[in-house]
Amino acid sequence: MPAYAKDGHVVCFFQPAARFKARYATFGFNDSATLDDGAMWPTAFAVTKLTAATEKQITALVRKALGS
């Protein structure tokens, strides 16, 4: 499954709905992404449809997670 890594550690990953017999696909982040925002923050997002706007949000999160 697609994933992005930084310094040998998986930072974020995609889990297709069909593979896991789930209602929606999931785009998630491991702790190495350091997306910390206060005392609580999301580590995974449900993706029901990949639109241009959704792709833009994912791209921004991946760039933040990779520090680029």
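Biologist: What does the side chain of Thr 54 reach?
Modeller: The backbone oxygen of Lys 49, at 3.5 Å.

Biologist: Remind me about the ground rules here.
Modeller: This is a predicted model, where local features need pLDDT of at least 70, side-chain atom pairs count only at pLDDT 80 or more, and totals for chains, interfaces and linings use all residues. Residues are numbered from 1 along each chain as its sequence is written, and side-chain values use heavy atoms, with hydrogens and water left out.

Biologist: Back to Thr 54. Is Thr 54 buried or exposed?
Modeller: Thr 54 has a relative accessible area of 18%, so it counts as buried. The cut-offs are under 20% for buried, over 50% for exposed and partly exposed in between, with a 1.4 Å probe and protein chains only.

Biologist: And what does Thr 54 touch?
Modeller: Val 47 and Lys 49, not counting residues up to four places away in sequence. Contact means heavy atoms within 4.5 Å.

Biologist: Where does Thr 54 lie?
Modeller: In helix α1. Helices here are DSSP runs of H or I with at least four residues, strands are runs of E with at least two, and both are numbered from the N terminus.

Biologist: What should helix α1 span, and how far apart are its end C-alpha atoms?
Modeller: Helix α1 has 15 residues, 52-66. At 1.5 Å a residue it should span 21 Å, and its end C-alpha atoms are 21 Å apart, so the two agree. The expected span is 1.5 Å times one less than the number of residues.

Biologist: Which residues of α1 are buried?
Modeller: Thr 54, Val 62 and Ala 65. They cover an arc of only 70° around the axis, so they sit on the same side of α1. The arc is taken from the directions running from the helix axis to the C-beta atoms.

Biologist: Which residues are on the other side of α1?
Modeller: Ala 52, Ala 53, Lys 56, Arg 63 and Lys 64, which are exposed.

Biologist: What covers the buried residues of α1?
Modeller: The cover includes β1 (3-6), β2 (9-15), β3 (25-29) and β4 (44-47). Take Val 62 as a case. Val 62 touches Tyr 4, Cys 12, Phe 27 and Phe 29, again leaving out residues up to four places away in sequence.

Biologist: How do the elements run from the N terminus on?
Modeller: β-β-β-β-α. That is 4 strands and 1 helix.

Biologist: Which residues make up the largest nonpolar core?
Modeller: There are 10 in all: Val 11, Cys 12, Ala 25, Phe 27, Phe 29, Ala 33, Leu 35, Val 47, Val 62 and Ala 65. Such a core is a set of buried Ala, Val, Leu, Ile, Met, Phe, Trp, Tyr and Cys residues joined through side-chain atoms within 4.5 Å.

Biologist: Which elements give two or more residues to this core?
Modeller: β2, β3 and α1. The largest share, 3 residues, comes from β3. In soluble globular proteins, nonpolar side chains tend to be buried together.

Biologist: New topic: Thr 26. Which strand is Thr 26 in?
Modeller: Thr 26 is in strand β3. Its relative accessibility is 16%, so it counts as buried. Leaving aside neighbours within four places in sequence, Thr 26 is in contact with Phe 13, Phe 14, Gln 15, Ala 44 and Phe 45.

Biologist: And Phe 14, what does it count as?
Modeller: Partly exposed, at 26% relative accessibility. Phe 14 is found in strand β2.

Biologist: Now the loops. Where does Lys 21 lie?
Modeller: In the loop between β2 and β3. Lys 21 has a positive phi of about 50°, although it is not a glycine. With a relative accessible area of 80%, Lys 21 is exposed.

Biologist: What about the phi of Thr 34?
Modeller: Phi of Thr 34 is near 45°, a positive value in a residue other than glycine. Thr 34 is placed in the loop between β3 and β4. Its relative accessible area is 55%, so Thr 34 is exposed.

Biologist: Which residue just after α1 takes a positive phi?
Modeller: Gly 67, at about 70°.

Biologist: Last one. What radius of gyration does the protein have?
Modeller: 12 Å. A compact globule with 68 residues would have a value near 11 Å, so the protein agrees with that. The radius is taken over C-alpha atoms, and the globule rule is 2.2 Å times the number of residues to the power 0.38. Along its principal axes, the C-alpha trace spans about 30 × 25 × 25 Å.

Key
Polar contact = N/O pair within 3.5 Å; in protein donor to acceptor, adjacent residues only side chain to side chain.
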